[in-house]
Amino acid sequence: MRVLSGIQPSGSLHLGNYFGMMSKMITYQEESELFCFIANYHAQTSVSDGKLLARGTIEAAANFLALGMDPEKSTFWVQSDVPEVQELTWVLSNFTPMGLLERCHSYKDKIGKGIAANHGLFAYPVLMTADILLFQSETVPVGKDQKQHVEVARDIAIKFNNEYGEIFTLPQPEIDDDVATVPGLDGQKMSKSYGNTIDLFAEEKALRKQIMRIVTDSTPVEEPKNPDTCNVFQIYRLFLDKSQQDELRKRYLAGGTGYGEIKKRLFEYFIATFSDARARYEELQADPGEIENILAAGAEEARATVSQLMGTVREAVGTC
Ligand code: ADP
Ligand code: TRP
């Protein structure tokens, strides 16, 4: 099975990114043909500082490699190193009804938040469609917020195939219900743009602060607490298996444990879970040349993968 996903280098990567997408991708590389990239073109819709984008791109790549992305087992590259994706975006734009894009929640939400509507923001799902279709992706692991974009990719592929024959594989989003939306410190969706994240590679001191800032109610220490409405529990449970979750649930219901203590344990759990990745990240940061070499090799592999399909597309539309 061919699995593909990308992540935008538009800020520090957080637990929502990890559980929503990154950890799944890292597992997939063991059992499928995995394609994973840093979506720097998409990040241009929110980052205009070129130096910041370039630095963020290398950082996001280092984050992924530190978490276990293995370039020997997968194809791992930076989106802009495969220019065919822009060519295909244009081709697909001609099979994209305006209404399809106008209905996209992500676009409407951004406009609703006061972000100026421009063509990049509007056409974002077409570029994402090109990412997906160019690699004949079957499965696209994403968080819930990206589901509609994968459906758009499917719709566009169907329209194109109707005209030219079965050229593109129809992709399926893959969303794990358990982690579809990881809550942030305030209980809303964890997101860079809401400033409510727990960052995977923040310094320990900053990380402790983030975890201590998780919003809780004012139930006193000795009283029973409701795990289902508690933001700390909803984040903590992501690290635990079923029996560990049940145990923590019992502690909540029994009373006698304060939120401060639970947060402290969560912090310790977090550090223990990510300690190897955090150490590897330090090593990688000390050797940016190594990251660049990995990405250059990944881009070459990615371009080789798409060249035949791109030839078929050019021939179909008459631009060869
Ligand atoms: P952000 O909302 O912080 O800007 P992105 O949009 O860059 O995050 O998301 C990158 C990937 O991580 C996507 O697959 C997205 O669905 C997933 N993701 C982001 N935030 C969450 C979350 N809170 N819960 C689950 N998945 C998430
Ligand atoms: N839009 C996705 C996000 O913000 C990132 C992305 C770009 C992507 N291209 C993709 C995800 C293709 C999956 C497949 O998270």
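1. By class, the lining of the second largest pocket comprises 9 nonpolar residues, 10 polar residues and no charged residues. In this classification Ala, Val, Leu, Ile, Met, Phe, Trp, Tyr, Cys and Pro count as nonpolar, Asp, Glu, Lys and Arg as charged, and the others, Gly among them, as polar. The second largest pocket holds about 350 Å³ of space. Of its 19 lining residues, Thr89, Ser93, His119, Ala123 and Val126 are the closest to its centre. At least two lining residues each are supplied by α2 (40-43), α4 (84-93), α5 (98-102) and α7, and the largest share, 7 residues, comes from α7.

2. The model is predicted, local features need pLDDT of at least 70, side-chain atom pairs count only at pLDDT 80 or more, and totals for chains, interfaces and linings use all residues. Residues are numbered from 1 along each chain as its sequence is written, chains are lettered from A and ligands numbered from 1 in the order in which they are written, and side-chain values use heavy atoms, with hydrogens and water left out.

3. On a 1 Å grid over the protein atoms alone, a cavity is a set of points where a 1.4 Å probe fits but cannot get out, whereas a pocket is an open set with protein on both sides within 12 Å along at least five of seven lines; lining residues have an atom within 4 Å of a point. Grid points are joined across faces, edges and corners, and a volume is the space filled by probe spheres set on the points. Helices (H or I, at least four residues) and strands (E, at least two) are DSSP runs, numbered from the N terminus.

4. The largest pocket has a volume of about 1300 Å³. Its lining numbers 47 residues, with Gln8, Tyr124, Asp145, Gln146 and Lys189 nearest its centre. Two or more lining residues are given by each of β1, α1 (15-31), α6 (105-112), α7 and α8 (147-164). Here, too, α7 gives the most, with 5 residues. The lining divides into 17 nonpolar, 20 polar and 10 charged residues.

5. Ligand 1 sits in the largest pocket (more than half of its atoms lie within 2 Å of the grid points). There are 18 residues around ligand 1, of which His14, Gly143, Asp145, Val182 and Lys192 come nearest (a residue is near if one of its heavy atoms lies within 4 Å). The shell around ligand 1 holds 7 nonpolar, 8 polar and 3 charged residues, and its largest share, 4 residues, comes from α1.

6. Which polar backbone atom lies 2.7 Å from a nitrogen atom of ligand 1? The atom belongs to Val182. A nitrogen atom of ligand 1 also lies 2.9 Å from a backbone N or O atom of Met190, and an oxygen atom of ligand 1 is 3.1 Å from a side-chain N or O atom of Asn17. Taken alone, ligand 1 exposes 540 Å², of which the protein buries 93% (Shrake-Rupley method, 1.4 Å probe).

7. The space taken by ligand 2 is likewise the largest pocket. Elements giving two or more residues to the shell around ligand 2 are β1 (2-7) and α7 (119-134), and α7 gives the most, with 4 residues. Of the 14 residues around ligand 2, the nearest are Gln8, His42, Tyr124, Asp131 and Gln146. The shell has 8 nonpolar, 5 polar and 1 charged residues.

8. For Gln146, the corresponding side-chain distance to a nitrogen atom of ligand 2 is 3.1 Å. Ligand 2 exposes 370 Å² when taken alone, and the protein buries 91% of that.

9. The structure holds 3 cavities of 30 Å³ or more. About 40 Å³ of space lies in the largest cavity, which is lined by Phe37, Trp77, Gln79, Val82, Val85, Asp131, Leu134 and Phe135. By class, this lining has 6 nonpolar, 1 polar and 1 charged residues.

10. Gln136 has a positive phi of about 50° although it is not a glycine. Gln136 is placed in the loop between α7 and β4 (139-141).

Key:
A polar contact is a pair of N or O atoms within 3.5 Å; within protein, one must be able to donate a hydrogen and the other to accept it, and residues adjacent in sequence count only if both atoms are side-chain atoms.
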